[in-house]
Amino acid sequence: MTANRSPALIEVDRLMTICNACRYCEGLCAVFPAMEMRRTFADADINYLANLCHQCGACYSDCQYSPPHEFNVNVPAAMAVARNDSYAHYVWPGFLAGVFDRNGLLVTLLTALSLAAFIVGFVLWVDPAALFAAHSGDFYRIMPHNAMAGIFGVVALYAILAFAISLTRFWRDINGGAPIGLRDFGRALIDTFHLTYLHGGGGGCTSEDKRPSPSRRLFHHFTFYGFMLCFASTSVATLYHYAFGWKAPYALFSLPVILGTIGGIGLIVGPAGLYALSRRRDPVLTDVNRRDMATAFIAMLFLVALTGLLLLALRDTRAMGILLAIHLGTVLGLFLSLPYGKFVHGLYRFLALVKYAAERRNGAFID
Ligand code: SF4
Ligand code: SF4
């Protein structure tokens, strides 16, 4: 435990001490069983528990000590603040920790600059006759494949490096040298793909009327699987290009286009639904000062999907050149902001689930 603890760490420590005596919520999610394995809560324990929490809200509506009770127990909000603090605590490079406090601004700036770079770049370097001509969907007549792959490859490598360092810091802190098995990764993968702990104890996440609903989990699934399908589409297209020499554009019923289209629809439906739910959700359950982090991320996913589908629909027209600039600018903005925005929650949560799977298997009690 550090001498200068943040207010969020102090608050979660206080709440976990109360909850550990009460234990009423132990069947709701992974947080409470993990809490019960501990008597005291070091900073790393709190960062681990905060990233296990899926912010379903069930423990707030079930709690007999939530406001106006004098104990003022609000686990979802305290966990949300501690979780967002943890992203800043472990981020690489460390001097960028503050970007999580002004995340909407950061994402907007990165996207605006990326959009401007592509639009200005196309106008300056592409022959206007080619830029506004119809090319039967052949993007590489506007921007050569190697230039496109080079720009996104460098940004992707940077993001991977930033993730690797941040997540290694987190993992070393929460796990130390405790033994982990392959089956723990398997269990965590199953919990991730099912969103096991977004059930809120069975009924789903608590909404604005305090009634549980499966909507948040459903829209989260649309978003997650939409993202994975778009990733699969890009991976298959890369394989086609480099392994088989099959160049884009691909036919409407080719595998990359089918995967990308279904994924794109998921990334329209999921983020739109999550945004609508977040507008109606009781703010008492959230980190009110950093709600823009989630909003910026789902807005970016929505825009990437929308511009991608528009590009596909209009790829044979004269609008293709300018739509390509808008889509690539949006994708670049998303890529640049990935290590410094809401996207990281999935990676931190996955590692917390691996740790939880190992603890549960070992039946450990950590004193
Ligand atoms: S959230 Fe409330 S009811 Fe649930 S374990 Fe903690 S103190 Fe008990
Ligand atoms: S908000 Fe949901 S996931 Fe988080 S601690 Fe409470 S019950 Fe568990």
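Contact here means heavy atoms within 4.5 Å. I'm working from a predicted model, so every entry below is about that model.

**Entry 1: glutamine 55, contacts**

I began with glutamine 55 and left out residues up to four places away in sequence. What remains on its contact list is Pro76, Ala80, Arg83, Arg216, Arg281, Leu285, Thr286 and Asp287. I then checked leucine 285 from that list against glutamine 55: the two sit 230 residues apart in sequence, yet their C-alpha atoms are 7.5 Å apart in space.

Where does glutamine 55 lie? I found it in the loop between helix H3 (43-52) and helix H4 (58-61). Is glutamine 55 buried or exposed? Its relative accessibility is 11%, and the cut-off for buried is under 20%, so glutamine 55 counts as buried. I also looked up its phi, which is near 55 degrees, a positive value in a residue other than glycine. I noted that because most residues other than glycine have a negative phi.

**Entry 2: leucine 195**

Leucine 195 is another one I wrote down for its backbone: phi is positive, about 50 degrees, although the residue is not a glycine. I traced leucine 195 to the loop between helix H9 (182-194) and strand E1 (205-206). Leucine 195 has 9% relative accessibility, so I put it down as buried.

**Entry 3: cis peptide bonds**

Tryptophan 92 and proline 93 are joined by a cis peptide bond, with omega about -10 degrees. Proline 93 is in the loop between helix H5 (75-90) and helix H6 (103-125). Alanine 248 and proline 249 are also joined by a cis peptide bond, and here omega is about 5 degrees. I placed proline 249 in the loop between helix H10 (215-244) and helix H11 (255-280).

**Entry 4: ligand 1**

Which residues are around ligand 1? I listed Ile18, Cys19, Cys22, Arg23, Tyr24, Cys25, Cys59, Cys63, Gln64, Tyr65 and Val73. Which element gives the most to that shell? I get helix H1 (residues 7-22), with three residues. Sorting the shell by class, I have nine nonpolar residues, one polar and one charged.

Conventions: Residues numbered from 1 in each chain as written. Chains lettered and ligands numbered in written order. Predicted model: local features only at pLDDT ≥ 70, side-chain atom pairs only at ≥ 80, totals over all residues. Heavy atoms only, no water. Near = heavy atom within 4 Å. Helix = DSSP H or I, 4+ residues; strand = E, 2+ residues; numbered from the N terminus. Nonpolar A, V, L, I, M, F, W, Y, C, P; charged D, E, K, R; others polar. Buried < 20%, exposed > 50% of the residue type's maximum accessible area, 1.4 Å probe, protein only.
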